[in-house]
Amino acid sequence: MSLSQEQYEYIDKQIVATARQLLIGRKLYPRPFGPLGFGKQVVTYDVLSEVKKGRIDLMWGAGFSADIIGRTRTKLGIPVLHSEFRINRRDLEASRTEGLPLDMSTVDSAIYGVARKEDDLLLQGWSADGSSYDIVGLYQGAGNDYNTSSVWSTAANILPSINGAIDLLSADGIYPPFNLVVDPLNYNELFQLIANTSEWYFNKVKERIGGDISQSPAMTHGKGMILAVPNPAFFDFALGQDMIDESEELPLTEGKDLFGVVYECLVPRIKQPNAICKLSAI
């Protein structure tokens, strides 16, 4: 027994609602490159290095030379992010014959699971062996790191660490506005009052970076990042298949329950690492 049209529409709506509420990573990236299709398994891109400086001459044609952008061609596999669900056949039958609402908690859990994995991938990356990263997200792909110890539980450390990271970005020609991403605990530490004022550090930091401040459990406590606002020249993500679900009836030996999969295919591409600065000691 398959889902009814209304039940399919419910899942689709839940996927959209979850994406809006939970997915922090997508807010930090520009529009995705794609969709490229489920069958697209590998994507290529160029990691850029700095271009040499321009010149000033009084004479036209004096010392002309081509300014060639240094780049490294990179291939990335596009992984599949997925989570499975199972709905009991009797629950489906009762919903159909008696008009009872179907408990979709297992579907909701699968959607949530994929959404969390997406943020892990886009913000941090993915490691097959749990140690070295095979795919780097924003934090792991950062080209700058403000690693001076500036623990935010001491409120006076907050602005110096923000300024230190902005100094590193500015030295590489990356200027405000910026976005800031931290874990929920560091996010809460921004709601300390600036000494002798009634103003939160949150407001002052937001004013300083000129962009947004986000929190995500994909970030580790004590480690944040400041990055350029979304720009495909700096970073983007290639989208094979946006989040979707498929389901089918299991065989009689498994009770003819409904088995389903929520899945998507995407991969981050960090083209200009210097557009991202870690805050690795907050």
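These are my notebook entries on what I looked up in this predicted model.

**Ground rules.** I number residues from 1 along each chain as its sequence is written, and I keep in mind that side-chain values use heavy atoms, with hydrogens and water left out. As the model is predicted, local features need pLDDT of at least 70 and side-chain atom pairs count only at pLDDT 80 or more, while totals for chains, interfaces and linings use all residues.

**Entry 1, the whole chain.** I began with the secondary structure and found seven helices and twelve strands, where helices (H or I, at least four residues) and strands (E, at least two) are DSSP runs numbered from the N terminus. Along the principal axes, the C-alpha atoms fill a box of roughly 85 × 55 × 35 Å. I then looked up burial, and 41% of the 282 residues count as buried; buried means under 20% relative accessible area, exposed means over 50%, and partly exposed lies in between, with a 1.4 Å probe and protein chains only. For contacts (heavy atoms within 4.5 Å), I took those between residues at least 6 apart in sequence, and 77% of them join residues at least 24 apart.

I asked myself how many salt bridges the structure holds. The count is ten, a salt bridge being a side-chain nitrogen of Lys or Arg within 4 Å of a carboxyl oxygen of Asp or Glu. I noted the general point that side chains of opposite charge can pair when their charged atoms come close.

In helix H3 (residues 89-98) I found glutamate 93 and arginine 89, four residues apart, about one turn of the helix. Their closest N and O atoms are 3.7 Å apart in the salt bridge. Glutamate 93 is partly exposed at 28% relative accessible area, and arginine 89 is partly exposed at 32%.

Next I looked up lysine 206, which forms a salt bridge with aspartate 212, the closest N and O atoms being 3.7 Å apart. Lysine 206 is partly exposed at 34%, and aspartate 212 is partly exposed at 45%.

Are arginine 269 and aspartate 236 buried or exposed? Arginine 269 is buried, with a relative accessible area of 5%, and aspartate 236 counts as buried at 4%. Their side chains meet in a salt bridge of 2.8 Å, N to O. Because arginine 269 lies in strand E11 (residues 258-270) and aspartate 236 in strand E10 (residues 235-249), the pair ties together parts that are 33 residues apart in sequence.

I also wrote down a network of salt bridges that links Arg26, Glu118, Asp242 and Glu264.

I located glycine 34 in the loop between helix H2 (25-28) and strand E1 (42-48), where glycine 34 counts as partly exposed at 38% relative accessibility. The C-alpha atoms of glycine 34 and phenylalanine 237 are separated by 8.7 Å, although these residues are 203 residues apart along the chain.

Which residues make the nonpolar surface patch of about 280 Å²? I found Phe191, Leu193 and Trp200; patches are made of residues with over 30% relative accessible area and no salt bridge, with like charges joined within 9 Å and nonpolar side chains (Val, Leu, Ile, Met, Phe, Trp, Tyr) within 5 Å. Accessible areas come from the Shrake-Rupley method with a 1.4 Å probe, and for residues only the protein chains shown count as cover. Tryptophan 200 lies in the loop between helix H6 (184-189) and helix H7 (201-209), and is partly exposed at 37%.
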